[in-house]
Amino acid sequence: MYNRLCVRFQETAVLLWFTAPSPSNRLFIHNMRTHSIYQSFKHQNLKTVIPIKQSYSHLLFSSTPQQTQNFSPNNVAKDSPNISEELLHSYIQTSQWHSIKHLAPGLSPSLISTTLLNLRKTPELALQFVTHIQFSLIRDIKTRCLAVAIISRLPSPKPALQLLKQTLSSGTATSKVVSNEVAVAHDELGTKSSIVFDLLIRAYCELKRGDDAFECFYIMKQKGLVPKIETCNDMLSLFVRLNRPERAWILYAEMFRMRIKSSVCTFNIMINLLCKEGKLKKAKEFLGFMESLGIKPNVVTYNTIIHGYCLRGRIEGAELVLNAMKSRGVHPDSYTYGSFISGMCKEGRLEEASGMLGKMKANGLVPTAVTYNTLIDGHCNKGNLEMAFSYRDEMGKQGIMPTASTYNLLIHELFMQGKMVEADDLIKEMGEKGIVPDSITYNILINGYCRWGNAKKAFSLHDEMVHKGIEPTMVTYTSLIYVLSKRHRMTEADQLFERIVAKCMSPDVVMFNALIDGHCANGSIERAFSLLKEMDKMKVHPDEVTYNTLMRGRCKEGKVEEARELLDQMKKRGIKPDHVSYNTLISGYSRKGDMKDAFRVRDEMLSIGFNPTRLTYNALIQGLCKNQEGDLAEELLREMVSKGITPDDNTYFSLIEGIANLNKVAESSNS
């Protein structure tokens with residue numbers, strides 16, 4: 001009965017509202033509707049019937065066509081009277097989210113904050129509330145942080161974490177402001193839990209903002225709050241990934257001061273850090289430290305140390321750790337064996353790697369595609385394509401699908417051996433198996449065709465790459481510049497370089513070296529030196545290859561003294577000359593017949609620890625033969641052989657040419 005009375009009263013009130021001409025009538029009806037009847041029902045302990053759309057009913061009953069056409073929730077929020085705290089709370093309690101969504105743009109930060117405080121004991125309602133008023137539209141950072149602090153009380157951390165990441169990424173406030181406002185919200189709620197700070201640190205870690213996470217850690221410390229060990233582990237892991245070991249050790253020390261008990265995960269992170277720093281002995285000592293604290297190392301702990309040893313080629317040390325692992329009842333897994341196989345392949349111990357694969361299978365462990373790719377890579381590096389392909393075939397028999405990396409390794413070695421047709425066949429096979437070529441695949445193909453001088457094919461692959469939406473890299477463009485240089489198309493190489501710079505890509509030292517080499521080889525020495533200046537402008541540091549190329553260019557011009565000045569310039573810039581630098585000068589002096597200076601450079605080379613190479617001896621023998629000093633040339637040949645350096649065609653050709661010249665001189669003298 002009361003419900004029917006209420007509805008009839010509302011209908012009468014609405015009618016009077018639009019027919020009564022005087023403002024007093026409207027005010028009278030408004031007061032009756034919002035106070036008298038409400039109070040009447042309230043005193044009788046009956047549920048209040050709240051008209052959901054009363055704030056914008058005048059729009060629905062309006063006779064003006066324009067008003068009807070312009071009706072929207074936004075207009076409703078702007079035209080409605082200020083909503084009361086009680087009414088908003090009632091909407092939330094009765095789940096009238098549609099109405100709240102319409103009113104959202106008109107809600108003030110203070111009303112939102114007050115409502116949130118009223119919902120502090122029902123975080124699930126607080127989450128629904130901020131979701132329906134659109135959290136992203138709340139510009140007041142205090143209100144946002146208060147919402148997060150309340151929602152962090154939910155059993156699942158995901159909603160609060162998501163809202164924190166959204167707030168931090170929005171740019172509405174600095175990280176420092178967010179951290180401070182979270183602290184204010186935490187105090188306002190009077191909670192002793194550290195959960196909101198733990199989630200804030202986790203959000204910083206997921207966004208890779210280590211310094212901000214560290215700052216939040218200290219805020220917690222100042223408040224006497226102790227972070228969860230999982231929070232500390234997130235921070236430690238981030239600092240290791242960001243290659244900031246000093247921060248990780250500072251945090252680890254702080255954890256001890258605050259008596260935060262380390263978990264096995266904590267020790268695994270710190271052992272990984274020690275292995276990355278090359279402190280393998282210390283990493284092994286951590287095993288004993290763990291056990292003294294009653295924490296049992298797990299398979300990840302041992303695998304981390306084994307991987308550290310294998311990465312540095314210390315296979316025997318890794319085997320000792322493996323034995324200790326087994327003696328403590330911890331069983332090796334696929335990662336354990338994979339580390340050994342990788343380490344052995346890097347050291348060229350391919351038979352041992354194959355044996356380790358056999359042990360892996362014997363223990364019922366299935367190798368991964370990564371394990372097979374490691375073996376394929378090892379055999380490709382040795383030029384043994386037959387074995388590499390046999391492992392590819394074995395993958396198929398084991399039901400392991402070859403990856404793009406598998407094909408990349410094989411295609412690269414095929415190009416290295418000049419087997420272009422086989423490489424093309426492998427590309428077709430990739431397509432048939434549904435394996436999509438990646439940027440590395442295209443770079444291998446482009447580089448391969450460039451090495452063999454097929455510029456047309458290389459550029460068509462570049463176009464295909466772009467068409468498929470794969471962004472060319474520095475490696476791609478460097479290969480294209482290289483092939484243009486070898487084809488004496490330096491104008492096109494320069495134009496390509498300019499396009500790269502125009503695309504806001506920063507050329508690296510390898511690209512500059514390719515272009516400088518092209519200009520030196522094609523006689524444009526001054527252009528090569530202008531590129532050296534461009535490197536300085538772009539703050540790209542030249543290396544020994546840059547200077548060796550320029551020295552070779554000067555020597556080719558016969559300006560050996562200028563090449564010698566470049567060697568001195570290298571030293572001044574802190575670039576250490578290598579054996580190529582000295583051999584370039586020796587070759588330059590020898591071609592000019594200036595053997596005194598050639599031997600002086602040879603002696604300088606020996607004094608700093610570089611042994612002569614075949615190139616050194618060939619250059620000196622060639623110079624001596626040109627100067628008709630055959631006896632000295634033969635002496636050098638004997639020295640060369642005694643040092644285990646095998647002469648090549650150039651060595652003998654120089655000697656034969658020298659002997660022929662001597663015979664001509666002798667004949668001339670006799671005549």
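## About the model

The model is predicted: local features need pLDDT of at least 70, side-chain atom pairs count only at pLDDT 80 or more, and totals for chains, interfaces and linings use all residues. Residues are numbered from 1 along each chain as its sequence is written, and side-chain values use heavy atoms, with hydrogens and water left out.

## The chain as a whole

Let's begin with the secondary structure. The protein chain has 39 helices and 0 strands; here helices (H or I, at least four residues) and strands (E, at least two) are DSSP runs, numbered from the N terminus. Of the 671 residues in the chain, 44% are buried, where buried means under 20% relative accessible area, exposed over 50%, and partly exposed in between (1.4 Å probe, protein chains only).

The chain exposes about 35,200 Å², with carbon and sulfur atoms supplying 54% of that area. Accessible areas come from the Shrake-Rupley method with a 1.4 Å probe, and for residues only the protein chains shown count as cover. Among contacts (heavy atoms within 4.5 Å) with a separation of 6 or more, 60% are between residues 24 or more positions apart.

## Helices 20 and 21

Two packed helices are described by the angle between their axes and the distance between the axes. Helix 20 (residues 315-327) and helix 21 (residues 334-346) have axes that come within 11 Å and cross at roughly 165°. Axes are lines fitted to C-alpha atoms, for helices over the stretch in contact, and angles run from 0 to 180 degrees between N-to-C directions. The two helices are therefore roughly antiparallel to each other; angles under 35 degrees count as roughly parallel, over 145 as roughly antiparallel, 65 to 115 as roughly perpendicular and the rest as oblique.

Helix 20 passes helix 21 in a left-handed crossing, meaning that the near helix is turned anticlockwise from the far one by less than a right angle (clockwise would be right-handed). On the helix 20 side, I315, A318, E319, L322 and M325 meet T336, F340, G343 and M344 of helix 21. These contact residues divide into 6 nonpolar, 2 polar and 1 charged. Ala, Val, Leu, Ile, Met, Phe, Trp, Tyr, Cys and Pro count as nonpolar, Asp, Glu, Lys and Arg as charged, and the others, Gly among them, as polar.

## Two parallel pairs

Helix 23 (residues 369-381) packs with helix 25 (residues 404-416) at an angle of about 5°, their axes 10 Å apart, so the two are roughly parallel. N373, I376, D377 and C380 in helix 23 meet S405, T406, L409, L410 and E413 in helix 25, a set of 4 nonpolar, 3 polar and 2 charged residues.

Helix 34 (residues 560-572) and helix 36 (residues 595-607) pack at about 15°, with axes 13 Å apart, which makes them roughly parallel too. Their contact joins E561, R564, L567 and K571 of helix 34 to D597, R600, V601 and E604 of helix 36. By class, this contact has 2 nonpolar, no polar and 6 charged residues.

## Two residues to look at

E544 sits in helix 33 (residues 544-556) and counts as partly exposed because its relative accessibility is 28%. Beyond its neighbours within four places in sequence, E544 contacts M570, I575, K576 and D578. The C-alpha atoms of E544 and V580, 36 residues apart along the chain, are separated by 8.9 Å.

N513, in helix 31 (residues 509-521), is buried, with a relative accessible area of 10%. Leaving aside neighbours within four places in sequence, N513 is in contact with D543, V545 and T546.
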